[in-house]
Each structure stands twice: as C-alpha cells, then as structure tokens.
Amino acid sequence: MQALKRSFPNLQKWAYNYSGFNQYGLLRDDLLYESPDVIEALRRLPHHLMEERNFRLVRAVQLDAQKQILPKEQWTTLENDVHYLLPLVEEVIRERKEKEAWEAQ
C-alpha cells in the first residue's frame with residue numbers, strides 16, 4: 001500500500017474526493033458499518049466526540065434530503081480527516097479476541 005502511495009501520490013486524494021462523503025462534511029470513521037465491535041467502540045467514545053459525530057450525520061442526512069452539498073470551503077479534506085473511532089474499534093477487537101482465547105482454554 002505504501003508503494004502505491006509513493007507511486008501515485010494524488011491517487012489517494014482523488015479517491016477520497018471522488019467518494020463524495022466529504023462534500024457532506026463527514027469523516028471516514030463516520031461511515032463505519034455498525035458491527036457489535038463498532039457499537040461498543042461508540043459506547044466508549046467521549047461525549048463531545050459523539051456529539052460531533054451525531055451533528056455530522058444529521059447534517060449529512062438533512063443535506064442529502066434537500067439535494068444539497070456543503071460549500072467547498074466546508075468539505076472535509078484528506079489532511080483534516082482524522083481516525084477518531086478506529087483506535088477504539090481496534091482496542092475492542094483486541095479485547096474480544098483476548099477474551100475468546102481465554103474462554104477457549
């Protein structure tokens with residue numbers, strides 16, 4: 001993957017912009033499928049981050065219903081898109097696997 005990024009530095013940015021979710025102000029972690037692991041990670045998410053996530057999701061639904069997108073200045077950029085939820089999801093998965101291994105003994 002790193003070789004691909006070095007060979008085509010603008011490909012990742014193009015794919016990010018082409019996906020379209022950034023035009024609604026959403027972050028990548030806002031789009032994660034809500035599996036049991038993600039739901040547990042959301043439960044552990046600090047309150048202010050959960051409020052920010054909920055705001056982005058409600059705004060995106062409202063914009064989509066109105067057939068509008070945000071002004072270009074408000075689009076999420078690849079550089080500003082942070083993984084706020086992924087570290088918690090990875091922690092939940094690690095804990096679940098550890099628990100499953102413990103119970104299998």
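Helices here are DSSP runs of H or I with at least four residues, strands are runs of E with at least two, and both are numbered from the N terminus. By that definition this predicted model has five helices and zero strands in its chain. The order along the sequence is therefore α-α-α-α-α. The radius of gyration is 17 Å, well over the 13 Å that the globule rule gives for 105 residues, so the chain is more spread out than a compact globule. The C-alpha trace spans about 55 × 40 × 20 Å along its principal axes.

Burial and contacts can be read next. Of the 105 residues, 28% count as buried. The chain exposes about 7800 Å², and carbon and sulfur atoms supply 58% of that area. Among contacts between residues at least 6 apart in sequence, 79% join residues at least 24 apart.

Now turn to one position. D29 sits in the loop that runs between helix 2 (11-19) and helix 3 (36-44). Which residues does D29 touch, not counting those up to four places away in sequence? They are R53, V82, H83, Y84, L85 and L86.

D29 is buried, yet it has no salt bridge. A salt bridge requires a side-chain nitrogen of Lys or Arg within 4 Å of a carboxyl oxygen of Asp or Glu. The nearest side chain of opposite charge to D29 is that of R28, 6.1 Å away. A polar atom of the D29 side chain does lie 2.7 Å from the backbone nitrogen of L85, and L85 is also one of the residues that D29 touches.

Notes. Residues numbered from 1 in each chain as written. Predicted model: local features only at pLDDT ≥ 70, side-chain atom pairs only at ≥ 80, totals over all residues. Heavy atoms only, no water. Buried < 20%, exposed > 50% of the residue type's maximum accessible area, 1.4 Å probe, protein only. Lys, Arg positive; Asp, Glu negative; His and termini not counted. Polar contact = N/O pair within 3.5 Å; in protein donor to acceptor, adjacent residues only side chain to side chain. Contact = heavy atoms within 4.5 Å. Rg over C-alpha atoms; globule rule 2.2 N^0.38 Å. Areas by Shrake-Rupley, 256 points an atom, 1.4 Å probe, with all protein chains shown as cover.
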